[in-house]
Amino acid sequence: CKIDYQPAPNLLENRIVLVTGAGDGIGRAAALSYAQHGATVILLGRTIAKLERVYDEIEAAGGPQPAIFPLNFEGATLKDFHDMAETLDKEFGRLDGVLHNAGLLGRITPFEQYNPELWQQVMQVNINGPIWMTQALLPLLQASDDASVIFTSSSVGRKGRAYWGAYSVSKFATEGFVEVLADELDNQSTVRVNSLNPGATRTQMRRTAFPGEDPFTLRTPEDIMPTYLWLMGPDSAGTNGQKLDAQPPRV
Ligand code: NDP
């Protein structure tokens, strides 16, 4: 956890970074924060109006001109991921980072009642889509001198919890995939891959999962950005295959 990390103002200068789920919650805060520290950010998400608002905020703050990439992981095909890689290759020629942040909670419900279609959707958005997107983007990441790929985990991806169903399983899969890919990349690639658990954070997803909780007891997405910046930038070079937390556990 690097919540006390003090990033250099130009930490991500000249870096091209893709953020998924960039329109809301933690992804929005990460896109704004990465741009504020000099990155050219590719804003990926399913609700274009939200991405446009983030785009405008980055421009208004004087950040490098971002790009918008509309994509819904639910219907996305391998061809979409390869078309995307081709577009990014033409536009930028490389990628210095990917924050896999988009996520779907599904339902908190006893497994006996879990709807199999919803289970598939959650697995598609949280793990299968991001995996095949990563495969398509690897050549672009390998074209960077120091590329950081961050997958978003959760405490229920490290210890299962009753009723969390597909969400929990998708986060276990995320942790497993990061171990596998990190082991492949170790010592022979400029690409590194780690998982990051944001911890309880004041967003719509958290409100849906814990409707009885007072949101003002939680850290905001902005509060946890130091760890997101550290892991995306050069100060974490060499960190590969780690399971990190963005904030200390709440007491
Ligand atoms: P939010 O629900 O606030 O934001 C999720 C983002 O993902 C939204 O921008 C959403 O788009 C996007 N998204 C959802 N489905 C799709 C899809 N099918 N295709 C493309 N984009 C999609 O959640 P958080 O910011 O809280 O969560 C961000 C990440 O952090 C998730 O991976 C979550 O699992 C993880 N996490 C969050 C915790 C918390 O306490 N908040 C704790 C542990 C983990 P749209 O705006 O269009 O809906």
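The shell around the ligand divides into eight nonpolar, 14 polar and five charged residues, where Ala, Val, Leu, Ile, Met, Phe, Trp, Tyr, Cys and Pro count as nonpolar, Asp, Glu, Lys and Arg as charged, and the others, Gly among them, as polar. The model is a predicted one, in which local features need pLDDT of at least 70 and side-chain atom pairs count only at pLDDT 80 or more, whereas totals for chains, interfaces and linings use all residues. Residues are numbered from 1 along each chain as its sequence is written. Of the 27 residues around the ligand, Gly21, Gly25, Thr47, Gly103 and Thr203 come nearest; a residue is near a molecule or strand if its C-beta atom, placed from the backbone, lies within 6 Å of it. Helix 1 and helix 6 (204-209) each contribute at least two residues to this shell. Helices (H or I, at least four residues) and strands (E, at least two) are DSSP runs, numbered from the N terminus.

Seven strands form an open sheet in the order 3-2-1-4-5-6-7, with parallel pairing; two strands pair if DSSP finds at least two bridges between them. Strand 3 (67-70) and strand 7 (243-245) are the edge strands, each pairing on one side only. From one strand to the next the twist averages 20°. Axes are lines fitted to C-alpha atoms, for helices over the stretch in contact, and angles run from 0 to 180 degrees between N-to-C directions.

Strand 1 (residues 16-20) and strand 2 (residues 40-45) run parallel and are joined by five bridges. Within this pair, Ile16 stands opposite Thr40 of strand 2, and Leu44 is the bridge partner of Thr20. Helix 1 (residues 25-36) packs on the sheet, where it touches strand 1, strand 2 and strand 4 (97-100), and its direction makes about 170° with that of strand 1. Contact between two residues requires that their C-beta atoms, placed from the backbone, lie within 7 Å. Strand 1 also pairs with strand 4 in the parallel sense, over three bridges, and here Val19 stands opposite Leu99 of strand 4. Four bridges join strand 4 to strand 5, again in parallel, with Val98 opposite Val149 of strand 5.

In a regular strand the side chains alternate between the two faces of the sheet. Six of the six residues of strand 2 are buried, with Thr40, Ile42 and Leu44 on one side and Val41, Leu43 and Gly45 on the other. A residue is buried if 20 or more other C-beta atoms lie within 10 Å of its own, exposed if 12 or fewer, and partly exposed in between, with C-beta atoms placed from the backbone. Strand 4 is likewise covered on both faces, Gly97 and Leu99 being buried on one side and Val98 and His100 on the other.

The largest nonpolar core has 52 residues, of which Val17, Val19, Ala31, Tyr34, Val41 and Leu43 touch the most other members. Helix 1 gives the most to this core, with seven residues. Such a core is a set of buried Ala, Val, Leu, Ile, Met, Phe, Trp, Tyr and Cys residues joined through C-beta atoms within 7 Å. When residues up to four places away in sequence are not counted, Val19 touches Gly27, Ala30, Ala31, Tyr34, Val41, Leu43, Leu44, Leu99 and Asn101. A second, separate core consists of eight residues, among them Val122, Val156, Trp164 and Tyr167.

Helix 7 (residues 225-232) is largely enclosed by the rest of the structure, because seven of its eight residues are buried. The buried positions are Met225, Thr227, Tyr228, Leu229, Trp230, Leu231 and Met232. They pack against strand 1, helix 1, strand 4, strand 5 (147-152), strand 6 (191-197) and strand 7.

Most residues other than glycine have a negative phi. Asn14, which is not a glycine, has a positive phi of about 65°. Asn14 lies in the segment before strand 1 and is exposed, with 10 other C-beta atoms within 10 Å. Tyr163 also has a positive phi, near 80°. Tyr163 is found in the loop between strand 5 and helix 5 (165-185) and counts as partly exposed, with 14 C-beta neighbours inside 10 Å. In the loop between helix 3 (78-91) and strand 4 lies Gly93, which counts as exposed with 11 C-beta neighbours inside 10 Å. The C-alpha atoms of Gly93 and Leu141 are separated by 9.5 Å, and the two residues are 48 residues apart along the chain.
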